[in-house]
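Biologist: I would like to learn how to read ring pairs and charged pairs in a model. Please take me through them.

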Amino acid sequence: FKQLGRAYQEEGEHHKSIKYYNSALKYFFFDSESHFRLGQNYTKVKNLHKAVYHYSKSLEFSGHHSTDVGAQQQVALIKAMLKRTQRMLNAQKMTE
């Protein structure tokens with residue numbers, strides 16, 4: 001499911017990508033990468049509440065206590081995307 005989700009994401013088919021990443025989470029809910037990709041896809045389709053949720057889950061399951069440099073870089077990226085999406089959501093609320 002993850003491979004199909006990624007393929008559709010790369011093609012800009014975000015709704016299809018969301019479907020496959022959500023299917024992947026049914027089998028392995030604690031997969032940080034699937035949550036991260038869902039955050040990206042939901043941001044693209046302007047569903048910022050779900051984007052924030054999935055970025056938060058990605059951060060929760062990312063092993064952010066790891067001393068591995070690659071893992072630390074991934075956590076930094078997730079945190080940046082989460083902050084950015086939260087700002088977008090707050091701006092959206094202000095215009096409503």
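The dialogue below turns to aromatic pairs, then to salt bridges.

Modeller: This is a predicted model, where local features need pLDDT of at least 70, side-chain atom pairs count only at pLDDT 80 or more, and totals for chains, interfaces and linings use all residues. Residues are numbered from 1 along each chain as its sequence is written, and side-chain values use heavy atoms, with hydrogens and water left out.

Biologist: How many aromatic pairs does the structure hold?

Modeller: A pair of aromatic rings is described by the distance of the centres and the angle of the planes. Rings of Phe, Tyr and Trp (its six-membered ring) pair if their centres lie within 6.5 Å; planes under 30 degrees apart are stacked, over 60 edge-to-face, the rest tilted. The structure holds seven such pairs. Phe29 and Phe61 have ring centres 5.8 Å apart and planes at 75 degrees, so they are edge-to-face. Ring pairs also join Phe1, Tyr8, Tyr20 and Tyr27 into a cluster.

Biologist: Which residue forms a salt bridge with Lys2?

Modeller: Side chains of opposite charge can pair when their charged atoms come close. A salt bridge needs a side-chain nitrogen of Lys or Arg within 4 Å of a carboxyl oxygen of Asp or Glu. Lys2 pairs with Asp31, the closest N and O atoms being 3.1 Å apart. The whole structure has six salt bridges.

Biologist: Which residues are linked with Lys2 in a network of salt bridges?

Modeller: The network links Lys2, Arg6, Glu10, Asp31, Glu33 and Arg37. Within it, the side chains of Arg6 and Glu10 meet at 3.3 Å, N to O.
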